[in-house]
Amino acid sequence: MVVSLVLSQSFIDEIIAHALEDAPNECCGIIAGEDGRAVKLFRAKNAEASPYRYSVEPKDLFRIFRECEENGWSFLAIYHSHTASEAYPSPTDVRLAFWPEAYYVLVSLQDAGKPVVRAFRILDGEITEEEVVAA
């Protein structure tokens, strides 16, 4: 069985726009899901304000978590950008992956004219790439 992350093209476009707007720093955000379907994209502030790492601003994380709880949504995907490297989890990304059931979506701006969006599962340090399907 092939597992894939289905995202509307508007969500993919929003992730890319967020990455371009926050460059040269990494951006980050969360996509809420219901029954495996993406239902809402939340932009978040990168508390690190860094081109090399991200962490979701705690106030944003609390706000997003609360809205998800109120609506019965889960954290379907956590996204962030890599501004100068490929869209692949770094050792830091793997170490900080704390939602095992979530997809980790990365957008690379290595070639800003052609951003690359990829999705991964990270479980116990193991990285598995999942297909991103635009719907």
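**Exercise 1. Find which residues line the largest pocket and lie nearest its centre.**

Step 1: pick out the lining. It has 14 residues, and Y54, S55, V56, L96 and F98 lie nearest the centre. Here a pocket is an open set of points on a 1 Å grid over the protein atoms alone, where a 1.4 Å probe fits, with protein on both sides within 12 Å along at least five of seven lines; lining residues have an atom within 4 Å of a point.

Step 2: ask which elements contribute. Strand 4 (74–82) and helix 3 (91–95) give two or more residues to this lining. Helices (H or I, at least four residues) and strands (E, at least two) are DSSP runs, numbered from the N terminus.

Step 3: You get 11 nonpolar, 2 polar and 1 charged, where Ala, Val, Leu, Ile, Met, Phe, Trp, Tyr, Cys and Pro are nonpolar, Asp, Glu, Lys and Arg charged, and the others, Gly among them, polar.

A word on the model: it is predicted, local features need pLDDT of at least 70, side-chain atom pairs count only at pLDDT 80 or more, and totals for chains, interfaces and linings use all residues. Residues are numbered from 1 along each chain as its sequence is written, and side-chain values use heavy atoms, with hydrogens and water left out.

**Exercise 2. Work out where the buried residues of helix 1 sit around its axis.**

Step 1: list them. F11, I12, I15, I16, H18 and A19 are buried in helix 1 (buried is under 20% relative accessible area, exposed over 50%, partly exposed in between, with a 1.4 Å probe and protein chains only).

Step 2: look down the axis. These residues cover an arc of only 155°, so they share one side of helix 1; the arc is that of the directions from the helix axis to the C-beta atoms.

Step 3: recall the geometry. An α-helix has 3.6 residues a turn, so residues three or four places apart point the same way.

**Exercise 3. Trace the pairing of strands 5, 6 and 7.**

Step 1: start with strand 5 (residues 103–108), which runs antiparallel to strand 6 (residues 116–123) and is joined to it by 5 bridges. Two strands pair if DSSP finds at least two bridges between them. V105 has A119 as its bridge partner in strand 6.

Step 2: move on to strand 7 (residues 126–134), which pairs with strand 6 over 5 bridges, again antiparallel. There, T128 stands opposite R121.

Step 3: check the turn. The hairpin of strands 6 and 7 has 2 residues between the strands, and D124 takes a positive phi near 50°.
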